[in-house]
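Have your viewer open and try each task before reading on.

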Amino acid sequence: MSRSPSRYAVIGQPVAHSLSPRIHPQFAAQFGLALQYEAMDVAPADLAARIAQLHTDGYAGLNVTLPHKAAVAALCESVSERAALAGAVNCLSRRDSGWIGDNTDGEGLVRDLLRLGIAIAGRRVLIVGAGGAARGIIGPLLAAAPSELVVSSRNPWKPEELAERFKAQGALTPRTHLALKGDRYDLIINATSAGHEGAMPRLPSNLLAEGGACYDLSYGPAHAPFAAWAQSQRGVAVVADGLGMLVEQAAVSFDIWLGHRPDTDPVLAALRR
Ligand SMILES: NC(=O)c1ccc[n+]([C@@H]2O[C@H](COP(=O)([O-])OP(=O)(O)OC[C@H]3O[C@@H](n4cnc5c(N)ncnc54)[C@H](OP(=O)(O)O)[C@@H]3O)[C@@H](O)[C@H]2O)c1
């Protein structure tokens, strides 16, 4: 059995597109650490056996991406409260007896909004989409004290379920996209995967308040439809993609694993280049 505390990986399927193997070595270099970080294609049927094997092999930490974020939670020895609420785990940390699961997506988003100078406290915030990523960001957004947090979906039941799930964390208003008509938000967050199909959810017009911000969890080509919609909104001040969130959530994982908080700015700049 090889025991190297510096071995890390991201598991998913597909996973070849993952930027994590480019991000973590740059973080490690900031602290003069040698770190091995691989991308591993893992089929859902192999997930349990594979993470058990990676534990036996001495891996110190794993990132988890689609489609395993929900299933891996049940394979952890324990999960953080925020991961339990999100029903999704994207970061595994090694203990001798098993894996500890956490979800760093929401903290990553809030850190990126802070970096961009986009306020949450006292603002009206809309999350468009009610899937796994929405579940990951709702808790940290509620903790940042918006004056109102609304989640909308084309499926009327999903926002209702989320409002029920997070009621102990704060008030989350469930809506269908159509029922948003006449509302105004300071921050609109796209948490749908529609951009991967080149699509934009159908929303009522004039949803953005004057000087408001539009933030897309998607990045790369999948950001294009929301970016075009956002740029066409009257009074828009900021349009941002989710690349910064990706780097920030990776930084939170890195800190959990190694106890160092990396400087994200140079890494984000390198990825944009
Ligand atoms: N930047 C980052 O670090 C980061 C982290 C996590 C996720 N993400 C991104 O966040 C996005 C969502 O991921 P996820 O894990 O939440 O996916 P998911 O669980 O599959 O949920 C996708 C959501 O998008 C909605 N949707 C899909 N196509 C749509 C369309 N054409 N019109 C309207 N709504 C549509 C779905 O609605 P229904 O429920 O009605 O099907 C669902 O609410 C992805 O693009 C992902 O890459 C980014």
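**Exercise 1.** In which strand is Val79 found?

Solution. Val79 is found in strand 4. Helices here are DSSP runs of H or I with at least four residues, strands are runs of E with at least two, and both are numbered from the N terminus. Before going further, some ground rules: this is a predicted model, where local features need pLDDT of at least 70 and side-chain atom pairs count only at pLDDT 80 or more, while totals for chains, interfaces and linings use all residues. Residues are numbered from 1 along each chain as its sequence is written, and side-chain values use heavy atoms, with hydrogens and water left out.

(Buried means under 20% relative accessible area, exposed means over 50%, and partly exposed is in between, with a 1.4 Å probe and protein chains only.)

Last step, the surroundings. Not counting residues up to four places away in sequence, Val79 touches Ala73, Ala84, Val89 and Gly101; contact means heavy atoms within 4.5 Å. Val79 and Asn103 are 24 residues apart in sequence, and their C-alpha atoms are 8.7 Å apart in space.

**Exercise 2.** Find the residue that UniProt lists as "active site" and describe its setting.

Solution. Start with the record: an unreviewed UniProt entry lists Lys69 for this feature. UniProt positions are in the numbering used here, feature names are shortened, and annotations may be inferred rather than shown by experiment.

Now locate it. Lys69 is in the loop between strand 3 (61-64) and strand 4 (78-79). Leaving aside neighbours within four places in sequence, Lys69 contacts Val64, Gly87, Ala88, Val89, Asn90 and Asp105.

Then look along that loop for Pro67, which sits between strand 3 and strand 4 too. The bond joining Leu66 and Pro67 is a cis peptide bond, with omega about 5 degrees.

**Exercise 3.** Work out how helix 4 packs on helix 5.

Solution. Two packed helices are described by the angle between their axes and the distance between the axes. For helix 4 (residues 105-115) and helix 5 (residues 132-143), the angle is about 55 degrees and the axes are 7 Å apart. Axes are lines fitted to C-alpha atoms, for helices over the stretch in contact, and angles run from 0 to 180 degrees between N-to-C directions. That makes helix 4 oblique to helix 5. (Under 35 degrees counts as roughly parallel, over 145 as roughly antiparallel, 65 to 115 as roughly perpendicular, and the rest as oblique.)

Now the hand: the crossing of helix 4 and helix 5 is right-handed. A crossing gets that label if the near helix is turned clockwise from the far one by less than a right angle, and left-handed if anticlockwise.

Who does the touching? Helix 4 supplies Asp105, Gly106, Glu107, Leu109, Val110 and Leu113, and helix 5 supplies Gly136, Ile137, Pro140 and Leu141. By class, that contact has six nonpolar, two polar and two charged residues. (Ala, Val, Leu, Ile, Met, Phe, Trp, Tyr, Cys and Pro count as nonpolar, Asp, Glu, Lys and Arg as charged, and the others, Gly among them, as polar.)

Note that Asp105 is also on the contact list of Lys69. Within helix 5, the buried residues include Gly136, Ile137 and Leu141.

**Exercise 4.** Repeat the analysis for helix 1 and helix 8.

Solution. Helix 1 (residues 20-30) and helix 8 (residues 243-258) pack at about 55 degrees, with axes 10 Å apart. So helix 1 is oblique to helix 8, and the crossing is right-handed. On the helix 1 side the contact uses Ile23, His24, Phe27 and Ala28, while helix 8 brings Leu246, Val247, Ala250, Ala251, Ser253, Phe254 and Trp257.

**Exercise 5.** Which phi does Ala145 take, and where does Ala145 lie?

Solution. Ala145 has a positive phi of about 60 degrees although it is not a glycine. Ala145 lies in the loop between helix 5 and strand 8 (148-153). With a relative accessible area of 46%, Ala145 is partly exposed.
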